[in-house]
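Student: Hi, could you walk me through this structure? I'm new to it and will have a few quick questions.

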There are 2 protein chains.
Amino acid sequence: MLLLIVVVLIVISCSDAKKNKTATINEKNVALPLPSWNDGKTKKAILSYVQKITDTSSADFIPINDRLATFDNDGTLWAEHPYVQELFAFYIVKKMVAKDSALARKQPFKAIVENDKSYFAKGGEKALLQLVALTHTGTTEDEFESAVKDFFATVTYPSRNVPVNQIVYQPQLELLNYLKDNGFTIFICTGGTVEFVRGISQQLYNVPKYQVIGTTFKYKFVDSNRVIIREPAIEIFNDKEGKPVSIQMHIGQRPVFACGNEGGEGDIAMLKYSQASLYPSFQLLINHDDSTREFYYQEKTNASLNAAAKNKWHVVSMKNDWKKVFPEK
Amino acid sequence: MLLLIVVVLIVISCSDAKKNKTATINEKNVALPLPSWNDGKTKKAILSYVQKITDTSSADFIPINDRLATFDNDGTLWAEHPYVQELFAFYIVKKMVAKDSALARKQPFKAIVENDKSYFAKGGEKALLQLVALTHTGTTEDEFESAVKDFFATVTYPSRNVPVNQIVYQPQLELLNYLKDNGFTIFICTGGTVEFVRGISQQLYNVPKYQVIGTTFKYKFVDSNRVIIREPAIEIFNDKEGKPVSIQMHIGQRPVFACGNEGGEGDIAMLKYSQASLYPSFQLLINHDDSTREFYYQEKTNASLNAAAKNKWHVVSMKNDWKKVFPEK
């Protein structure tokens with residue numbers, strides 16, 4: 001790192017601003033690409049892809065405006081056992097109950113206060129959506145954003161006993177930066193609700209709010225006080241086939257680089273959509289095969305890994321491809 | 001312009017890259033801000049606003065990530081008599097009829113082929129939406145984009161007899177550039193359909209597709225050939241109260257600079273929403289009061305100008321505030 005700083009400082013002090021910028025970027029990529037990735041075929045494939053599509057003399061060159069990348073969030077950029085958004089919902093429920101103790105006798109508040117896991121196990125997706133609607137809607141966007149910031153500042157991720165902002169995957173942070181250094185615009189395309197991820201995207205990933213695409217509630221503009229209110233109804237469910245649809249609505253063109261994870265079959269459609277780009281494209285699928293450093297879980301259907309094999313997508317073995325999983329504490 | 005180039009070249013060749021960048025931007029703004037705007041209170045207000053919110057020592061300073069601007073398109077960035085999108089619909093109809101002459105006996109094709117204006121006058125918004133659905137949906141996004149590009153390459157704007165890309169307002173192009181030079185991210189927030197404007201936004205305004213927000217059809221992902229098909233149903237109608245809703249969905253925060261036009265009451269809600277920003281904000285409304293160089297038209301209700309007066313928004317008199325309206329041929 002010190003060497004890099006020295007190189008950058010020397011380069012900046014030279015005489016031709018434009019040449020220097022190119023030199024700085026090249027030095028950076030040659031010196032330190034993806035340090036937390038083990039040398040192996042996955043890392044090699046990423047470096048080789050980025051090299052060819054940024055080489056103006058290559059037939060595979062992609063103009064900078066078309067270098068768009070989409071990343072899923074849960075299980076792709078940060079851990080998802082449990083979902084961070086579920087922790088947030090519980091956090092809000094506890095705040096609501098502290099304000100109005102009578103709520104503790106009503107569902108789904110009761111189940112959370114009493115730590116009754118059977119309620120959500122039995123209720124399935126419907127019970128979870130009810131919980132999300134109760135804890136994520138009915139406020140203005142400013143109030144909600146402030147609650148998200150408080151949550152991230154104070155809450156600990158239970159399965160690892162660290163602040164939630166330390167459950168991002170270090171190799172993926174490096175991948176985001178590497179792509180940005182090579183002219184990519186990064187979009188996060190999450191199954192989570194969009195405002196929740198927007199509340200932390202700049203701080204965690206250096207991705208602005210408007211480059212986050214997610215599940216969206218129904219909005220209403222209230223003219224009298226000029227605010228947007230979220231109503232307890234889902235307008236866009238950004239998962240599976242919903243992802244290409246949201247990408248088209250939001251971005252208006254196919255990403256040339258798409259990254260998701262196996263676990264819930266949620267990213268297959270996004271990766272397929274990316275692969276139909278007229279440009280050379282790259283699909284990356286994170287495989288949760290590291291029971292020691294992260295979690296081991298596989299889809300019952302094996303649909304994501306099957307699709308990866310069939311379509312020749314690149315699969316990241318967390319166990320073998322990553323030197324470390326999480327940032328230093 | 002030559003002077004500017006010389007200044008920039010001298011500045012670039014100096015020794016400190018970072019200092020130089022600042023110097024270049026300052027020289028540019030001081031030398032040539034908004035040359036097609038007459039000196040007057042509107043231009044002065046724009047310059048003064050941008051100066052204070054980019055001044056780190058000012059209490060009104062806005063961090064670069066929060067310098068977001070939204071611009072309406074029809075009547076705000078380019079002329080709207082007639083709507084360019086209407087010309088495009090007619091252009092597609094003629095292509096469809098050339099392929100299948102039987103269509104010329106069916107409505108709404110018949111009305112267009114026979115130049116029967118009464119059909120749309122009688123049918124109102126419903127007839128227009130039917131026309132847009134027939135000419136804008138049922139294709140893949142690649143096919144549609146290619147049709148938009150062909151249209152812009154060949155069609156002439158009837159009321160001025162110039163290519164359609166010459167009906168943009170020159171002072172507004174300068175305003176977009178001035179805001180970008182000062183760290184703003186520009187979004188176009190149009191009542192037109194989003195893919196249509198995305199097909200030309202980079203070329204005309206240097207705004208990428210993903211920074212265009214517009215009226216949106218219902219999309220469907222077709223897994224077998226990995227394409228998105230637009231269905232003939234409107235998912236989001238991006239006008240009036242729809243604009244703040246779309247901005248929240250797409251950007252996730254209030255723009256600090258918002259610009260619309262009087263004519264259809266379409267931008268009042270967007271300007272109100274922007275004005276409720278916690279930052280110092282700026283609202284600009286274009287008044288079509290120049291019957292000689294552009295068009296003279298006013299809302300029957302006068303709602304936009306009334307809202308501007310009530311809320312102290314800045315009103316552009318095209319007649320008085322602009323030195324010229326359109327770029328040189």
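Student: Okay, B:Arg226: buried or exposed?

Tutor: B:Arg226 is buried, with a relative accessible area of 16%. Buried means under 20% relative accessible area, exposed means over 50%, and partly exposed is in between (1.4 Å probe, protein chains only).

Student: And where is B:Arg226 found?

Tutor: In the loop between S5 and S6 of chain B. B:Arg226 also has a positive phi of about 55°, although it is not a glycine. Helices (H or I, at least four residues) and strands (E, at least two) are DSSP runs, numbered from the N terminus.

Student: Before I go on, what sort of model is this?

Tutor: This is a predicted model: local features need pLDDT of at least 70, side-chain atom pairs count only at pLDDT 80 or more, and totals for chains, interfaces and linings use all residues, while side-chain values use heavy atoms, with hydrogens and water left out. Residues are numbered from 1 along each chain as its sequence is written, and chains are lettered from A and ligands numbered from 1 in the order in which they are written.

Student: Got it. How do S5 and S6 of chain B pair?

Tutor: Strand S5 (residues 212-222) and S6 of chain B pair in the antiparallel sense over 7 bridges. Two strands pair if DSSP finds at least two bridges between them. B:Val222 stands opposite B:Val227 in S6(B).

Student: What's the strand order in that open sheet?

Tutor: In chain B, 7 strands run S6-S5-S4-S1-S7-S8-S9, with mixed pairing. Strands S6 (227-236) and S9 (314-317) of chain B stand at the edges with a single partner strand each, so one side of each has no neighbour in the sheet.

Student: Switching to chain A: which residues of helix H12 are buried?

Tutor: In H12 (residues 303-311) of chain A, the buried ones are A:Ser304, A:Leu305, A:Ala307, A:Ala308 and A:Asn311. The face turned away from the buried side of H12(A) carries the exposed residues A:Ala309 and A:Lys310.

Student: What comes just after H12(A)?

Tutor: A:Lys312, which takes a positive phi of about 60°.

Student: Last topic: how many salt bridges are there between chain A and chain B?

Tutor: The count is 6. A salt bridge is a side-chain nitrogen of Lys or Arg within 4 Å of a carboxyl oxygen of Asp or Glu. One of these links the side chains of A:Lys272 and B:Asp223, at 3.0 Å from N to O.
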